[in-house]
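My notes follow the order in which I looked.

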Amino acid sequence: MNLSEKTMVNKLLFDRAQLLENIDNDAILAEQLMTLYLKQLDQILLSIQEAVELGDKRLALSLAHKMKGSSASICCQLISQKAAHIESHLKTEGFNVAFIKDLINQIQHDATQFSQLLKVG
């Protein structure tokens, strides 16, 4: 992967410039929001895993929707898109546990990457 591709992936994972633009370039607020988002994301991921294990489609759908919105708000488009896939799947295709767990694993990987960006940024 070349530098341009890495930059594009990083921007999909987290667009710091867009977040800063959205909050009038308040870097302190950005760091606070990012930290809060990461904690919330961890909690949502645990809860959605539990909902899937219990077969609670309605709760899983609600949590996927919450994850999609909070991720979009913080400019983490990649996570928002994956949460949207979970939400769409639950609305239209049923409850394929393996599919949902795979997306949750991908989101956990993305969350780890985001966490690293937070430490660097």
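**Aromatic pairs**

I searched the whole structure and found two aromatic pairs. The model is a predicted one, and I read every entry below with that in mind.

I took Phe-14 and Phe-114 to begin with. Their ring centres are 5.1 Å apart with 85° between the planes, an edge-to-face pair. I then checked where the partners sit: Phe-14 is in the loop between helix H1 (3–13) and helix H2 (16–22), while Phe-114 is in helix H6 (residues 97–120), so this pair ties together parts 100 residues apart in sequence. I looked up burial as well, and both Phe-14 and Phe-114 are buried.

I went on to Tyr-37 and Phe-114. The centres of these rings are 5.4 Å apart and the planes stand at 85°, so I logged the pair as edge-to-face. Tyr-37 belongs to helix H3 (residues 27–54) and Phe-114 to helix H6; the pair links distant parts of the chain, 77 residues apart. Tyr-37 and Phe-114 are both buried.

**Glu-87**

Is Glu-87 buried or exposed? Its relative accessible area is 5%, so I noted Glu-87 as buried, the cut-off for that being under 20%.

I then listed what Glu-87 is in contact with, leaving aside neighbours within four places in sequence: Leu-61, Ala-64, His-65 and Lys-68.

Definitions and conventions:
Residues numbered from 1 in each chain as written. Predicted model: local features only at pLDDT ≥ 70, side-chain atom pairs only at ≥ 80, totals over all residues. Heavy atoms only, no water. Phe/Tyr/Trp six-rings, centres within 6.5 Å; stacked < 30°, edge-to-face > 60°. Helix = DSSP H or I, 4+ residues; strand = E, 2+ residues; numbered from the N terminus. Buried < 20%, exposed > 50% of the residue type's maximum accessible area, 1.4 Å probe, protein only. Contact = heavy atoms within 4.5 Å.
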